[in-house]
Amino acid sequence: MRNIKAVAYKEFIQVSRDRRTLMLLILMPIMQVMIYGYGINTDVKHLPTYVYDQDRTYLSRRLVDSFTQSDYFTVRTQAKSLAEVYSALDKGLAQSALIIPPNFTGDLLKKKGAQVQMIIDGTDSTPATVALNSSQAIINAFMQHEGLIPIQVLPIDFRPRLWYNPDLKSTYFMLPGLIALVLQFLVPMITATAIVREKERGNIEQLLVTPIKPYELILGKIIPYIAIGVVIATSIITTMHYLFVVPIHGSIVTLFFMTLIYLVVCLGIGLWASTVADNQQQASQLVMFLAMPSILLSGFIFPRESMPIWVKDISYLIPMTYFLQIVRGIILKGLGFFDLIGQVWPLLLMAVLVIVFSIRRFSKRMA
Amino acid sequence: MPDIAISADKLTRKFGKFTAVDEISFEIPYGSIFGFLGANGAGKSTTIRMLCGILAPSSGTGKVGGFDVQTQPEQIKTVIGYVSQRFSLYSDLTVMENLLFYGQIYGLEGTDLSVRIKEVLTLSGLDHFRDRLSGELSGGWKQKLAIANSILHKPKIIFLDEPTAGLDPLSRRAIWELLYQLAEGGTSLFVTTHYMEEAERCNTIAFISNGKILKIGQPTHLKQELSRQILEVACRPLMKASRIFSKLEGVRGVTVYGTTLNLNVSDQKAVEARVKDAAGKEGVEISSIKPIPASLEDVFSDLDTNHVIPAKAGIQGTESNA
């Protein structure tokens with residue numbers, strides 16, 4: 001116990017003297033929150049739209065208005081020709097275009113069935129889908145509002161509701177997930193480099209001939225990084241909650257408790273990397289290599305539901321998969337410990353396995 | 001035998017088919033300085049690692065401080081001090097922080113620890129540097145810190161792996177004064193070195209080559225065994241003379257010094273005549289020729305020269321970069 005304390009204390013001193021690492025630890029989480037919070041916004045709003053209104057009547061203007069008022073479309077230009085519309089779409093000046101033919105009102109009045117064309121840039125499927133669905137809804141509402149179709153009484157009163165994130169804000173989805181991502185990236189990185197540094201600088205040579213036991217050395221080295229991990233998690237949660245106003249529906253205590261379990265897994269990964277790598281560079285490359293599939297397969301950005309079965313099977317081996325469900329569950333859905341038991345036990349199992357395995361590997365005897 | 005600090009009996013270590021250390025045996029009493037000499041890769045480090053309990057021997061036995069290297073490596077670690085060749089304390093910690101850390105690892109606490117730290121600081125002369133980052137110390141002071149650090153727990157046995165490699169002569173002298181002080185206190189020192197004049201300071205020296213101990217004994221004895229057999233020849237051109245003389249019958253080795261050659265010879269009188277004769281024939285100009293007492297280096301180059309360090313090493317000292 002005394003040895004563990006001694007190692008932890010000296011590790012704290014070392015970290016506090018390492019300016020570069022400190023800056024990384026403080027700035028990177030907050031930077032990530034900013035980038036994902038402000039920059040990577042997958043909410044589709046204010047799609048730049050060109051309008052080519054050849055009818056130019058009261059009714060056609062009302063139609064255009066109902067598009068603008070929806071927030072989904074913003075009229076950039078009243079185009080004067082089809083060519084202008086096409087070129088704007090080609091150049092990306094517009095992502096959608098509304099084309100109203102000259103006899104729009106006339107046809108409507110004659111009940112002949114008028115035509116309106118909507119062109120949507122389908123390059124990026126996400127905004128395209130949103131534009132498609134919302135344009136449909138806008139047209140339906142317009143027709144009812146203008147009395148063009150009778151208000152029907154449907155046999156089924158279908159009322160879809162969005163729970164947990166009613167406004168479909170991407171920050172609600174992204175920022176809690178960021179806790180998982182940043183920890184998975186930073187914590188193994190600093191742990192691995194901290195241990196490999198001792199190897200690289202020859203410190204381990206001196207430690208080997210002292211009576212210190214491998215587990216004491218490892219635990220002593222890990223403790224400061226658990227503390228740092230908690231600080232990182234806190235800084236992300238704070239920025240997320242206060243700057244981006246993501247509500248936390250569940251218990252903060254449960255959230256931190258789960259974070260601790262996840263931290264142990266992350267530390268274990270770093271520890272393992274340190275037993276494989278010979279220098280700090282190799283260690284950080286190894287951690288990066290492991291982080292990539294985690295980001296892509298864990299459900300951090302891409303839904304796991306749409307993955308092929310075998311890819312989904314792989315994602316079950318990734319600790320981040322479980323922790324993402326846990327943080328999102330606690331923060332957005334207000335789930336408690338027992339609701340998440342299905343995610344907690346695999347994570348706990350991983351924590352135990354990776355730590356035991358790494359400590360074993362970190363054998364003191366060099367053969 | 002309580003007066004024996006370190007002993008090795010047919011200690012052997014193999015790495016696959018390669019035998020790094022081959023049945024070496026020796027005994028080192030407490031209070032003595034044991035010099036372990038050999039080229040890089042001769043088996044010095046492997047021997048030290050076995051004796052320190054961090055590498056299990058393949059066969060043979062060894063005892064350090066009464067503990068068996070095979071079965072009690074952890075106990076050995078509590079009774080030895082170790083100074084590595086490369087500075088391996090934490091360079092981003094201060095002198096004081098390093099000592100505090102290692103002191104605790106060795107089981108010292110509270111006042112015991114602070115009293116002991118004060119003692120080793122005074123002994124090593126590091127008082128003024130206690131709050132200096134150890135990475136900012138000069139080479140000599142770093143090494144003194146490493147030694148101070150290794151004696152925190154008052155070990156009776158200290159292993160020093162080339163403690164003076166790369167240091168200037170003054171620092172080296174200071175280090176050796178420190179080592180003498182420790183030996184006087186009854187500590188046994190196991191020192192590896194490349195420097196011949198440092199080997200002279202040891203009570204006992206052993207030459208190791210290809211994992212085998214070629215020669216072991218007190219420096220004076222080793223030199224006496226050789227003393228009638230060194231012929232110093234001042235001549236020019238030096239290199240040409242060296243080539244010619246080395247082929248002569250009875251010449252076992254030639255070492256080139258600044259302006260002279262040291263011939264390691266079996267029969268001084270006969271060889272002297274042959275040297276003069278050959279010099280006359282080949283146009284080598286001899287200005288003086290006389291027998292001189294052997295140095296340790298001569299002892300060294302007298303050993304199976306093929307596998308021992310090059311004869312020139314040790315004059316100015318090889319700058320070890322191992």
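Modeller: What follows is a look at one helix of chain B, helix α3.

This is a predicted model, in which local features need pLDDT of at least 70 and side-chain atom pairs count only at pLDDT 80 or more, while totals for chains, interfaces and linings use all residues. Residues are numbered from 1 along each chain as its sequence is written, and chains are lettered from A and ligands numbered from 1 in the order in which they are written.

Chain B has 11 helices and 14 strands (DSSP runs numbered from the N terminus: helices are H or I with at least four residues, strands E with at least two). Helix α3 covers residues 95-105 of chain B, and because 10 of its 11 residues are buried, the rest of the structure largely encloses it. A residue is buried if 20 or more other C-beta atoms, placed from the backbone, lie within 10 Å of its own, exposed if 12 or fewer, and partly exposed in between. Among the buried residues of α3(B) are B:L99, B:L100 and B:F101. They pack against α4 (110-124) and α5 (139-150) of chain B, and also against α1 (2-17) of chain A. After α3(B) comes B:G107, with a positive phi near 90°.

Key. Two residues are in contact if their C-beta atoms, placed from the backbone, lie within 7 Å.
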